[in-house]
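Welcome! Take a look at the structure below, and then we will walk through a few of its parts together.

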Amino acid sequence: MKKRRVLLFVASLLIAILIFISTSLPWWDGDTPMLESIGTILPFETPNISLFISVTSVLWTASVFALVGAIFATKSLALFGASVAMAIAVLWFMSLDVAFSLSSVGLGIWSVVGAFCLALCLLLIRKRHVQEK
């Protein structure tokens with residue numbers, strides 16, 4: 001059981017680091033999340049969401065969720081943090097209104113995709129049930 005907890009800790013910590021690093025890397029055509037606000041990438045208009053909240057703050061919150069998942073060795077918090085980061089990436093891509101091209105994808109997106117794939121791999125880790133004789 002201890003090996004499982006260590007594996008969950010390391011994987012969740014790696015997810016948190018990848019999401020945190022993606023905030024400073026370029027995402028689409030050299031734009032970083034620090035330059036975008038959350039209100040500009042959403043596909044709907046709402047008065048409740050401020051245009052001054054940056055995408056970086058949402059990504060930092062997602063990395064904190066993954067870090068808490070690493071501390072408590074839970075899969076759900078790390079998966080939630082990676083899913084939030086991936087949702088931000090999808091919403092940002094939808095707001096661009098351009099055709100997909102690999103040349104416009106920056107290292108930040110690859111970092112988020114890697115964190116999301118690692119979070120999906122966490123779902124494969126299961127508890128071993130030991131039968132008592």
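Which exposed residues does the face of H3 turned away from its buried side carry? They are Ile71 and Phe72. Keep in mind as you read that this is a predicted model.

**Helix H3**

- Helix H3 covers residues 55-72, and its 18 residues should span 26 Å at 1.5 Å a residue; the end C-alpha atoms are 26 Å apart, which agrees.
- The buried residues of H3 are Val55, Thr56, Leu59, Ala62, Ser63, Ala66, Gly69 and Ala70.
- Looking down the axis of H3, you would find these buried residues within an arc of 135°, so they line one face of the helix.
- What do the buried residues of H3 pack against? Their partners are helix H1 (2-22), helix H2 (38-41) and helix H4 (75-96).
- Just after H3 comes Ala73, which takes a positive phi of about 55°.

**How H4 and H5 meet**

- Two packed helices are described by the angle between their axes and the distance between the axes.
- For H4 and H5, the axes come within 9 Å and cross at roughly 145°.
- The crossing in which H4 passes H5 is left-handed.
- On the H4 side, the residues that meet H5 include Lys75, Leu79, Ser83 and Met86.
- On the H5 side, the residues that meet H4 include Ile109, Val113, Phe116 and Leu120.

**Ser111**

- Ser111 sits in helix H5, which runs over residues 107-122.
- Is Ser111 buried or exposed? Ser111 is buried, because its relative accessible area is 8%, and the cut-off for buried is under 20%.
- Leaving aside residues up to four places away in sequence, Ser111 touches Leu18, Ile19 and Ser22.

**The cysteines**

- How many disulfides does a search of the whole structure find? The search finds zero.
- Cys117 is partly exposed, with a relative accessible area of 41%.
- Cys121 also counts as partly exposed, at 44% relative accessibility.

Conventions: Residues numbered from 1 in each chain as written. Predicted model: local features only at pLDDT ≥ 70, side-chain atom pairs only at ≥ 80, totals over all residues. Heavy atoms only, no water. Helix = DSSP H or I, 4+ residues; strand = E, 2+ residues; numbered from the N terminus. Expected span 1.5 Å × (residues − 1). Buried < 20%, exposed > 50% of the residue type's maximum accessible area, 1.4 Å probe, protein only. Arc of directions from axis to C-beta. Contact = heavy atoms within 4.5 Å. Disulfide = S-S within 2.5 Å. Axes fitted to C-alpha atoms, helices over the stretch in contact; angles between N-to-C directions. Left-handed = near helix turned anticlockwise from the far one by under 90°.
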